[in-house]
Amino acid sequence: MALRLPRSGVPQVLAFLAILAVNWMVSAQFFDIRFQDGRLFGSLIDVFNRGAPVALLAIGMVLVIATRGIDLSVGAVMAICGAIAATLADTQPLPVVIAAALGAGLLCGLWNGLLVAVLGIQPIIATLILMVAGRGIAQLITEGRIVTFTSPDLAWFGGGSVLGVPAPVAITFTVLVLTILLVRRTALGLMIEATGGNARASALAGVGTRVMTMAVYVWCGFCSALAGIVAAADILGADANNSGLWLELDAILAVVIGGTSLFGGRFSVVLAVLGALIIQAMNTGILLSGYPPEFNLVVKAVVVLVVLLMQSPRFSGLAILLSGARK
Amino acid sequence: MSEGVSSNTPLLEVRGLTKSFAGIRALDGVDLTLRAGEIHALLGENGAGKSTLIKTITGVLRRDAGTVSLDGSPIAPHSAEEAATAGIATVYQEVSLLPNLSVAQNLFLGRQPTRFGFVREGETRRRARLLLRDFGLDIDVTAPLDSYSVAVRHLTAIARAVDMSARVLILDEPTASLDANEVEILFTVMRKLAARGIGIVFVTHFLDQVYAVTDRITVLRNGRLVDERLTAELPRMDLVRMMLGRELVEATATHREAVSPTAMSEPYAVFENFGKSGYVAPFDLTVRGGEVVGLAGLLGSGRTETTRLVFGVEKADQGTVTIAGKPASISSPSEAVGHGLGYCPEERKTEGIVADLTVRENIVLALQARRGVMRPLSRREQDEIANKFIRLLDIRPPDPERPIGLLSGGNQQKALLARWLATEPRLLILDEPTRGIDVGAHAEIIRLIRQLCADGMALLVVSSELEEIVAYADRVIVLRDRAHVACLEGDAVNEPTILAAIAADTPQAA
Amino acid sequence: MNRLLPVLVTTAVFLVGFIICSLQYPNFASTRVVANLLTDNAFLGIVAVGMTFVIISGGIDLSVGSVIGFTTVFLALAIERHDVPPLVAFALVLVICAAFGAAMGAAIQYFDLPPFIVTLAGLFLARGASFLMSTESIAINAPLYSDIAGYAIRLPGGGRLTIIALMMLAVFVAGGVLLHFTRFGTNVYALGGSRASTALMGVRVGATTIRIYMLSSVLAGLSGIVFTFYTSAGYSLSAVGVELDTIAAVVIGGTMLTGGYGFVFGTFVGVLIQGLIQTYITFDGSLSSWWTKIATGVLLFAFIAFQQLLVVLARRPPRRVAGVVPS
């Protein structure tokens, strides 16, 4: 049993503030915010804006991980949905474009959910299938090209703004609030945590553990689709090869940084999003400091190691005490 | 029966072994003496301390006090491997071999004959065949272990242990899933090994097998040694009494006032010819509101299986169910919950509690599951329910926000009871509700069962504690060999009658 | 029989596929095509041998693609910029890879962490390290390279069995011997069956785990060396996503992703099937490369579903005590 980071989120908030402070030291203009063309600009805004796709993925992923699962296909699903949106953007009205992309995401989620909940295949294996095939499907849709579009409607999802807040940030915030309402204002959150904590006991208490499992994968597909739309709208095109590449790993990392254990159970959607922002703040900081962006990966590796060691049952005596008491 | 029991120094001598978990004594000064060439039954109900004793002897658990001597010299292994090296091998019911490897590989893993670093496959196979032939097995040793029956897996594990020069062999319920023919093969091997001077500790819950193969019996109960006897000199009735024994908990001493049948309500749940082949033989069962039906029998007799069938954990393949006068189907726990049933399983940790969640969340789980996701209990309602039951059942510490995994066994059990009471069930199934909890909580739970019954709830309770069953049950169904064999009512609900029904000497599978 | 079934199915799929291709394109069934199949997939084959060990032991290694990338950059820099003799550079890089793999194995064993996450950290670390060394593609012009490129065994019919194809075949043979004819190999299967039982039976689980991941990383390093022979260059972006192709090849080759079952020969066929799909697409000319991914995904699903079916069938009551003779 892994050591659970304190749920209060204090370490995550402190880490985020510390990284922002370092960024500020590196670049004195870090906290400068300008208002221009009806939209906020600045490095800090950038952290939120660039972090939006991973934050969206993390919102879906955290629920999947809470059920003791994992979804490796989110990057590929992003690519598929981005490709659909970009391909349709200039010929179809916006509602059709969005509905098609989101529908595809839901279908992908349903596929994963079926494999895991009905066929009983291990999540990591089940979602590997779509991870491999998904990018091929995305390339099939774009016919291997980088599909560009000019539709200002779809472009709004990347470059637009709501009351000065960049659209990706607004969308992410909306999905975050929606998800929190969904899981905490209904009994979903409790059911998901019970399923992840002890699926057998939950089933005996009458919880529909299969339905719960299906639901989280479907929602994860939905979030991935939104992330794909935002990413496509951002670059006014879809690059099936690179859209969402490695983002599944970032999303998992964000969830883990957010203190949700890979062994399922307790989860925090807000902290998962904060985890995504921490990752993005590091990326931005490295860019600002003039280090090559490649340095990112090394830093991420170190972060993974630190978080892992903190979660490792053998690393900390406190963890051993806790897990001993629980067993 | 085997010879050679004459040697002066016992092969294995255990004295005053003591082990506590979280303040509860699982073993309290237990002795065990195993002589060379002897087959020694280690008996006791669940929670008597058999597994703990085995694990403490073999070093899987650290003992708190006591000594273990092999051939007169004290040993203190730190792990099962160390114990095996010293000469004490254990074969568990769930054989700890590797199902995906071949029989030969399992026999010689880690010690295959090699030449220039390469395993000599042919030689390994030859030796494996030779070894198994000694055990009366003539099988394809290159086939993976999981293509063979449990009996072959047990014999393979025993062969490996013996070939690695084990002198003490501990067999932990090896016969639980064997058929009569397989049991006989196993016994033949056991007798042969005993004749070679190997001492065998045999854990089982089949009394016929105890009398068929063992020389001596040690009985444990509630972590204490009850007695050690020669098998030939111990009548079956006395043995059952020793196992189920009487350790009076004061509060439970008296049989509850019998409710006259006329005062009883309509049957709430009626199961007719209900069963599942290979699991529990078909049975009839009627439970009325305000009535406690006890399920008695030895471990493995089909008590737990009956409750799992009734709650839909296992699907029955025959029979009908009538709930409150209407035909019903129960093929899953959630359907059972829908019919007003509740179920506290025996395996509290793996099937009951969700350890990471709080007491409050664990208590409201079943009620919430029945209401559905879209009708959440507000936080205030949850707090009210949790606090009500914490007060009512005296759950300690009285903190609804504590992860339930941090509570003691008795308090976890009370919280699980609360989980079901919150759903206001019409029929509550309790499987060993007092298992592994301290005396105080024990008495409270029995008081609670009586009270629930007085409130009109129907209860179906499994217990190994006879005096407990006698104290609260209106009717007792006795099970043996996965079948319902007797139904005792009224004045017949007393210990001697139940004991007699359990011990009745009918030829059993073996 | 059950154990061999997946490999037999895989082999049948390959043979049927090859026959279909040959019927459609008369030039297909030639030593030239076969030799190219071996050469083009040499690096994939070598790394897949290591992955076979890892997956049979119940683990997974996501770091192999990055290790290949790291190796190519390291070799290019050492040989071209620092004038290290190629053979010395090879030895150096293999030692580094061995240490890297051992570290991952030790982390998995001693901190009791999931292999997925540990090797994910490895993925980030190795890729990041190669980016830090150089982000540009560096050509390797050492004489040894042109010698190796120039040498090949000529087959009747115009095929050229290149050095790298021969290296792959050698690795497969050596891997097969190691897995199927040594104690270490049996221990690998044992770990995949049950770690707890393996430990109970006196096998040193820790040492075995470390060696398995060491082997995987060393073979990834060797694969990187072969990759530089193939491309005559070192580039930090090379072999991105190869971990997925490798896992797919191993699974299509009939190895259970849950561990315990599999054959090196199956992996060989799995690699050939992936190569065959690519060759077919090249021959066809009108099909696009993304069909490879989709076809791989479909095969992956087919094999995982097939294995799940076998597992379900195996759960039914086992054979009776056939052959028991009471003595």
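How many residues of chain A are in contact with chain C, and how many of chain C with chain A? Hi everyone, let's start there. In this model, which is a predicted one, 34 residues of chain A are in contact with 36 residues of chain C. On the chain A side, two helices, α5 (123-142) and α13 (295-311), each supply at least two residues. The biggest giver on that side is α5(A), with twelve residues. If you sort the chain A residues that touch chain C by class, you get 24 nonpolar, six polar and four charged.

Now let's turn to the contact of chain A with chain B. Here 26 residues of chain B are in contact with 23 residues of chain A. Three helices of chain B, namely α10 (333-338), α11 (348-352) and α12 (359-371), each bring at least two residues to the side that touches chain A. Of these, α12(B) gives the most, with six residues. The classes on this side of chain B are 16 nonpolar, five polar and five charged residues.

Let me stay with chain A for a moment and show you a pair of helices. Two packed helices are described by the angle between their axes and the distance between the axes. For helix α11 (residues 247-257) and helix α12 (residues 269-288) of chain A, the axes come within 7 Å and cross at roughly 120°. The crossing of α11(A) and α12(A) is right-handed. If you'd like to find the contact on your screen, look in α11(A) for Asp250(A), Leu253(A), Ala254(A), Val255(A) and Ile257(A). They meet Ala272(A), Gly275(A), Ala276(A), Ile278(A) and Ile279(A) in α12(A). Counted by class, this contact has eight nonpolar, one polar and one charged residues.

Next, chain B and its domains. Chain B is divided into domain 1 (12-244), domain 2 (246-258 + 265-340 + 426-510) and domain 3 (347-424). How far apart are the C-alpha centres of domain 2 and domain 3 of chain B? They lie 24 Å apart. Ten residues from domain 2 of chain B and twelve residues from domain 3 of chain B take part in the contact. On the domain 2 side, helix α15 (residues 439-454) of chain B has the largest share, four residues. That side of domain 2 of chain B has seven nonpolar, one polar and two charged residues.

On to the sheets. Strands of a sheet pair through backbone hydrogen bonds, either parallel or antiparallel. One open sheet in chain B has four strands in the order β2-β1-β4-β5, with antiparallel pairing. At its edges stand β2 (24-34) and β5 (73-74) of chain B; each has a single partner strand, so one side of each is left without a neighbour in the sheet. Inside this sheet, strand β1 (residues 12-21) and strand β4 (residues 65-70) of chain B run antiparallel and are joined by five bridges. One pair to look for is Leu12(B) with its bridge partner Leu70(B) in β4(B). Helix α1 (residues 50-57) of chain B lies across β1, β2 and β4 of chain B, at about 70° to β2(B).

A second open sheet in chain B has six strands in the order β6-β9-β10-β3-β11-β12, and its pairing is mixed. Its edge strands are β6 (88-91) and β12 (224-230) of chain B, each pairing on one side only. From one strand to the next, the twist averages 20°. Strand β11 (residues 216-221) of chain B pairs with β12(B) in the antiparallel sense over six bridges, and there Ile217(B) has Arg229(B) in β12(B) as its bridge partner. Helix α5 (residues 150-163) of chain B lies across β6 and β9 (168-172) of chain B, running at about 170° to β6(B).

Finally, a few backbone details. The peptide bond from Arg396(B) to Pro397(B) is cis, with omega near -10°, and Pro397(B) sits in the loop between α13 (379-392) and α14 (409-421) of chain B. Ala324(B) is not a glycine, yet it has a positive phi of about 50°. Glu432(B), not a glycine either, also has a positive phi of about 50°.

How values were computed: Residues numbered from 1 in each chain as written. Chains lettered and ligands numbered in written order. Predicted model: local features only at pLDDT ≥ 70, side-chain atom pairs only at ≥ 80, totals over all residues. Contact = placed C-beta atoms within 7 Å. Nonpolar A, V, L, I, M, F, W, Y, C, P; charged D, E, K, R; others polar. Axes fitted to C-alpha atoms, helices over the stretch in contact; angles between N-to-C directions. Left-handed = near helix turned anticlockwise from the far one by under 90°. Domains from an automatic or database assignment. Pairing = 2+ DSSP bridges.
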